[in-house]
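Trainee: Could you walk me through this model, starting with how to read it and then going region by region?
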Amino acid sequence: MSSAVQHDRLPLAYGGDYNPEQWPQEVWEEDVRLMREAGVTVVSLGVFAWSRMEPQPGVYDWDWLDTVIGMLHSAGISVDLATPTVVPPAWFYRAHPDALPVTRDGVRLAFGSRGAICHSNADYRAAAASITTKLAERYGSHPAVVLWHVHNEYGAPVLTCYCDNCAAAFRRWLADRHGSLDALNAAWGTAFWGQIYGDWEEITPPRLTPTVCNPTQQLDYQRFADAQARANFLAERDILHRLSPGVPVTTNFMVAPSQCQSIDYWAWGKEVDLVTNDHYLVTDGRRTHVNLALTADLTRSVAGGAPWLLLEHATSGVNWQPYNPAKRPGEMARNSLSHVARGSEGAMFFQWRQSRSGAEKFHSSMLPHGGTGTRVWHEVVELGHRLEDLADLRSTRTRADVAMIWSWDSWWAQNLEWRPSEALDARERLESFYEALYDRHLTVDFFPPSGIGALDPERYPLLVVPQLYSAPASVAADLESYVARGGTLLVSFFSGIVDENDTLHPGPYPGVLRDVLGLTVEEFSPLLPGETVTVGTGTGETYEADLWSEIVVPQGCETLAAFTDGHAAGHPALTRHALGDGAAWYLATRLTGDSLAAVVDLALTDAGIVPTGLPRDVELVVREGESGTFRFAINHTDAEVKVVLPDGSRAAVPAGTVEIFRDPR
């Protein structure tokens with residue numbers, strides 16, 4: 001990450017992806033006029049425009065882009081200028097068909113969509129470097145350009161390629177990672193099923209095999225694919241840093257686990273000058289605003305707690321889900337300000353003007369097909385003016401209450417085949433525990449397993465591990481230290497089981513977490529679909545659990561609840577282990593809803609955390625800094641609610657709205 005980037009040139013951002021190449025010039029003039037009316041401050045430009053910038057190999061057309069950037073600059077609108085490397089032109093693929101990715105079963109994908117890229121292809125890398133260089137040479141010092149936007153949504157729709165170029169690059173990556181064939185054979189456990197390699201050239205990507213492919217080979221290939229894409233980002237970033245010094249460089253993440261599974265955002269977050277994210281509501285019948293809050297908290301955490309930027313979301317419905325309902329009146333502003341409350345330095349959309357053709361013509365936009373007489377347009381204008389009044393919010397930071405561990409790498413490992421139950425789902429556990437904390441009006445900071453060594457129990461009295469299947473040995477010492485110094489740890493089942501090579505830690509389950517939890521697990525006993533067990537406490541409460549049970553053997557922990565039926569009957573289901581000045585809790589089955597919330601409440605009480613007494617689906621999120629303290633009261637309900645402010649007064653928050661209160665200075 002560059003230490004000399006000029007974040008102060010980037011205003012509180014309001015705008016969206018702008019694609020003038022889809023429209024004649026007279027429309028550009030109307031666009032700029034309406035952008036000013038809506039309070040737009042920034043637009044993302046050029047994301048999919050490589051074929052317009054370079055219509056033939058080595059032939060460039062900058063006139064249209066010069067004109068558009070000039071018009072925007074004259075209107076006081078800044079530019080997030082993209083390198084268009086997510087969609088090389090048709091002429092490029094005609095010359096280099098091997099730059100198209102190959103699927104695991106050997107099918108080469110075709111041009112005609114977006115993101116059809118083999119990230120190991122040398123011709124693609126050279127072409128991407130060339131167009132990035134040309135852009136930076138021409139616009140690197142333009143006063144309108146306040147942010148560089150490399151590529152677009154790495155990992156969507158495809159990240160992994162299995163071609164021969166990738167096979168060769170994979171072998172080089174493995175040699176660098178493992179150092180020797182002996183080390184690789186040990187890490188992959190190739191003695192099993194006789195897979196021992198005697199020469200690097202014998203190793204291929206984990207292509208389609210007769211039965212389950214070596215799990216560590218698959219895991220390493222996922223890491224490799226992520227690293228190859230990141231290397232391409234770094235190549236473009238470094239060109240931009242060199243030719244456009246001081247201007248921050250980003251790429252738009254998709255941090256929500258509901259949207260992207262193939263990118264390790266902990267690694268990527270260290271490489272961008274500004275973390276940006278795209279978020280779209282997943283309309284699966286659940287409370288979409290909870291997923292939004294989780295994603296915003298996770299994005300802020302990837303940014304190390306620093307302010308970040310929502311670079312895309314939707315004004316209303318999207319077009320790529322099976323069912324795409326419109327947002328209700330006021331929901332767009334509520335979604336936008338929820339992101340701002342949790343650390344975003346503005347709210348951007350895909351896209352400015354709704355397209356008339358192409359795959360996303362039914363995707364909502366800031367300027368809909370219906371024009372300026374529509375509800376969406378009026379809400380866009382209203383939100384723009386509201387954000388103008390929040391300019392001094394910039395650089396404040398969101399205050400979190402509790403901590404949670406999340407690992408994309410562990411998620412990848414857990415998702416491989418032949419686990420004790422195919423229904424094991426780390427994302428489900430993440431979302432369930434987060435929802436329980438959200439319903440107690442607590443804001444969460446996330447950490448990778450490697451980031452908890454210095455975690456302060458006074459700053460984060462509760463640390464939740466919803467599921468961490470893959471845990472390096474170093475995690476054990478860090479968690480023990482956190483608990484011994486007074487922290488409260490809450491761990492869910494199937495955590496601590498394997499190391500970074502998907503190899504079981506020696507000894508009984510749960511591997512490296514045995515000592516901190518004060519127990520061992522003799523045997524897993526997954527439940528069949530539809531099967532449930534009962535968990536009973538010593539005080540008479542009972543909970544219905546599903547998916548999972550196990551034979552827990554206390555080794556110093558206290559049993560707080562036990563299975564009352566099923567294979568694990570009589571064995572602990574919920575334990576507490578006093579260690580030093582703190583305690584570690586363990587939940588050995590899947591509870592959901594109110595049952596899980598009851599366990600979370602026990603841990604919160606143990607941690608000394610008293611949740612705010614607010615109605616369900618009402619958020620109170622705080623941003624604070626040199627410019628003051630901003631309290632966002634976000635009401636997702638259909639009724640007016642009252643919130644208590646620090647001075648003891650009660651303030652009304654109308655149904656479906658956001659009120660922002662500033663503490664007196």
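Mentor: What follows covers the reading rules, the core, some helices, the backbone and the salt bridges.
This is a predicted model, in which local features need pLDDT of at least 70 and side-chain atom pairs count only at pLDDT 80 or more, while totals for chains, interfaces and linings use all residues. Residues are numbered from 1 along each chain as its sequence is written, and side-chain values use heavy atoms, with hydrogens and water left out.

Trainee: Okay, how many residues are in the largest nonpolar core?
Mentor: The largest nonpolar core has 177 residues, and those with the most contacts inside it are Leu72, Tyr265, Trp408, Leu437, Phe446 and Leu462. A nonpolar core here is a set of buried Ala, Val, Leu, Ile, Met, Phe, Trp, Tyr and Cys residues joined through side-chain atoms within 4.5 Å. Buried means under 20% relative accessible area, exposed means over 50%, and partly exposed is in between, using a 1.4 Å probe and protein chains only.

Trainee: And what is Phe446 in contact with?
Mentor: Leaving aside neighbours within four places in sequence, Phe446 is in contact with Trp266, Leu294, Asp297, Leu298, Ser301, Met404, Trp406, Leu430 and Tyr434, where contact means heavy atoms within 4.5 Å. A second, separate core of 19 residues includes Cys118, Cys163, Cys166 and Leu174.

Trainee: Switching to helices, which residues of H14 are buried?
Mentor: The buried ones are Ala426, Arg427, Glu428, Arg429, Leu430, Glu431, Ser432, Phe433, Tyr434, Ala436, Leu437 and Tyr438. Because twelve of the 13 residues of H14 are buried, the helix is largely enclosed by the rest of the structure. Helices (H or I, at least four residues) and strands (E, at least two) are DSSP runs, numbered from the N terminus.

Trainee: How far does H14 reach?
Mentor: Helix H14, residues 426–438, reaches 18 Å from its first C-alpha to its last, close to the 18 Å expected at 1.5 Å a residue; that expected span is 1.5 Å times one less than the number of residues.

Trainee: What about His339, buried or exposed?
Mentor: His339 is buried, with a relative accessible area of 1%, and its place is in helix H11, residues 331–341. Setting aside neighbours within four places in sequence, His339 is in contact with His279, Leu292, Ala296, Trp308, Leu310 and Ser344.

Trainee: Now the backbone: where is the cis bond that involves Pro157?
Mentor: The peptide bond from Ala156 to Pro157 is cis, with omega near 0°, and Pro157 sits in the loop between strand S4 (145–150) and helix H6 (164–178). A cis peptide bond also joins Phe350 and Gln351, with omega about -5°, and Gln351 lies in the loop between strand S9 (344–349) and helix H12 (375–388).

Trainee: What is phi of Phe494?
Mentor: Phi of Phe494 is near 60°, a positive value in a residue other than glycine. Phe494 is found in the loop between strand S14 (488–492) and helix H16 (514–517), and at 3% relative accessibility Phe494 counts as buried. Ser395 has a positive phi near 75°, and at 55% relative accessibility Ser395 counts as exposed.

Trainee: Last topic: how many salt bridges does the structure hold?
Mentor: The structure holds 34 salt bridges, a salt bridge being a side-chain nitrogen of Lys or Arg within 4 Å of a carboxyl oxygen of Asp or Glu. In one of them, the side chains of Asp220 and Arg177 meet at 3.3 Å, N to O. Asp220 lies in helix H8 and Arg177 in helix H6, so the pair ties together parts that are 43 residues apart in sequence. Asp220 counts as buried at 0% relative accessibility, whereas Arg177 is partly exposed at 37%.

Trainee: Which parts of the chain does the pair of Glu619 and Arg342 link?
Mentor: The side chains of Glu619 and Arg342 meet in a salt bridge of 2.8 Å, N to O. Glu619 is in strand S22 (residues 618–625) and Arg342 is in the loop between H11 and S9, so this pair links distant parts of the chain, 277 residues apart. Glu619 counts as buried at 4% relative accessibility, and Arg342 counts as buried at 2%. Salt bridges that share partners also join Arg287, Glu435, Asp439, Arg616 and Asp617 into one network.
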